[in-house]
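Me: I would like to go through this model feature by feature. Please give the general idea each time, then the case at hand.

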Amino acid sequence: MSVLEIRNVISGYDELQILWGVDMGIEEGQLTALVGSNGAGKTTLLRTIVGQLKPWQGQIIFQGQDVSTLPPYTKAEMGLIMVPEGRQLFTDMSVMENLEMGATPRRARAGASQRLEMIFELFPRLKERLSQKSGTMSGGEQQMLAVARGIMSDPVVLMIDELSLGLAPVLTLDLFQALRKLRREGITILLVEQNVRMALKVSDYAYVLAKGKVEMNGLSHEIEQDEAVRTTYLGI
Amino acid sequence: MVNVLLASLIDGLLIGFVYGIAAMGLSLIFGVMDVVNLAHGPIIALGMFGVYLLFSLLGLNPFIALILVAVMGLLFGLVMYMTAVHRVIDAPPLSSLLATFAVNMMIIGIGTSLFTTSSYNVEYSLGTVTAGPINVTGTRLAASLIALLVTAALYWFLYYTRTGKYIRAVANNRSSAELMGIPSTRILALSFGIGTMLAAIAGGLIATIFPINILAGGSYELKSFVIVVMGGLGNPLGALIGGLILGLMEGVVPVFMKTTWVPVLEFMLFIIILLVRPQGILGAKE
């Protein structure tokens, strides 16, 4: 059974409908990619899953429980964690304080020090900057911190919105390396990524979203070979 | 002359600490939720009357009464947030101005009918402390020490406790804080309560120094605005410095000219700072 299941979700902003019935299943321990062009509804879907938007219809089932209408902080307590687009760090607070805030959920308190060690291994650069104000770091370092803060929450499912947006290619590679390691640690990840090629390379399973609906889904290496995907998203 | 000046300087600085915590209350609420609490002055007045009533009716030591007043100030803020402020927290600023102004009018109205607008005194003395040429009344010294203690406690709370860090996180990025599992509504209510608690404490301390009346909070609210803008909006340390500057002016200016000039000069300074350094002396929150 999927750890996270999206059933026929319809959602949007105020009067504007963005999602037109999305069905998805996220399997435990897998890295699932969610790709699609701008405006396809990827961010809207993540925001609906995490509770920043209420679904107009349909259900979000997390670990067998209907969590459709729960607020984000309750879902975070349960282990449904999102690294938002644009990082959204606590820019006035130090790197260490950002990580501490990540460890807010009760379930995340016990193993916080082990997770901190894991983060320092993953992103040694953060260790050197613990007392620095997070807002003064470079974009790449900020993205590392955003992911690290998500890991500190001890996620059951970690959703990352636009891992590489606006980052230099070298940093993008670093972050994808880190993602592979997290996947090996057994963390379930749902990745929204505008770099379709990278997303399909690193993931196990993929969903292609178009016009607010799932257009295609399957194993990532199969999706990668699909003619339509190659012309539309990979430019081949 | 030098002695008079020195004495006024010290008197001014001491009261400046008290102004500082009044301003911190206003500043904290604005910094965390972008709400300007127009009931700030009346809550200061409630703090004054709280100490006055506990002292004159129950015979409590004013500085012990202050603890009760602080607790009541906190509770008042929690209730006020949940009833009047939370529903307009995401509305345009005018809504929260009107909501807090409504609370302001209610406190003033009820307070006036209970106490009229006459002046009351907390008849309590701690004698005079003398150091060389300087004489300071004991209550003024005690009030400033308590204000300093409250400032230190607030700083410690915001920077070294988990709940305090939650407040800073919510102030910095509310939706992100929710994504980490921080229940933002509870944190906002608590921040508002701490803001009104600081106002009530400031009022209680002022009551041990000056005569009070139910409208007296208004002038301290005005001072708080000046201090907060001088020190930088949403910056508690700036509020302390702003408070000291204002206290200093209040102490020193009357040595040279009539006391009525004090507000004129205060607001001149206020306008100059707005023109030259609108972000405040220490800079506003980002």
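**Reading the helices, the sheet and the contact between chains**

Reply: Helix α2 (residues 40–58) of chain B has 19 residues, and the distance from its first C-alpha to its last is 26 Å, close to the 27 Å expected at 1.5 Å a residue. The expected span is 1.5 Å times one less than the number of residues. Helices (H or I, at least four residues) and strands (E, at least two) are DSSP runs, numbered from the N terminus. The model is predicted: local features need pLDDT of at least 70, side-chain atom pairs count only at pLDDT 80 or more, and totals for chains, interfaces and linings use all residues. Residues are numbered from 1 along each chain as its sequence is written, while chains are lettered from A and ligands numbered from 1 in the order in which they are written.

Me: How many residues of α2(B) are buried?

Reply: A residue is buried if 20 or more other C-beta atoms, placed from the backbone, lie within 10 Å of its own; it is exposed at 12 or fewer and partly exposed in between. In α2(B), 15 of the 19 residues are buried, so the helix is largely enclosed by the rest of the structure. B:Gly59 follows α2(B) and has a positive phi, near 70 degrees.

Me: Which residues of α5(B) are buried, and what covers them?

Reply: They are B:Thr139, B:Arg140, B:Ala143, B:Ser144, B:Ala147, B:Val150, B:Thr151 and B:Leu154. The cover includes α1, β2 (134–137), α8 (184–207) and α10 of chain B.

Me: At what angle do α1(B) and α10(B) pack?

Reply: Axes are lines fitted to C-alpha atoms, for helices over the stretch in contact, and angles run from 0 to 180 degrees between N-to-C directions. Helix α1 (residues 2–33) and helix α10 (residues 236–256) of chain B pack at about 145 degrees, with axes 5 Å apart.

Me: In what order do the four strands of the chain A sheet lie?

Reply: Strands of a sheet pair through backbone hydrogen bonds, either parallel or antiparallel. Pairing here requires at least two DSSP bridges between two strands. The order in chain A is β2-β1-β4-β5, an open sheet with antiparallel pairing. β2 (16–26) and β5 (65–66) of chain A are at the edges, each with a single partner strand, so one side of each lacks a neighbour in the sheet. Strand β4 (residues 57–62) of chain A pairs with β5(A) over two bridges; A:Phe62 has A:Gln65 in β5(A) as its bridge partner.

Me: How many residues of chain A are in contact with chain B?

Reply: Contact means C-beta atoms, placed from the backbone, within 7 Å. By that rule, 22 residues of chain A are in contact with 15 of chain B. α2 (72–78) and α3 (95–102) of chain A each supply at least two residues of the chain A side.

Definitions and conventions
Two residues are in contact if their C-beta atoms, placed from the backbone, lie within 7 Å.
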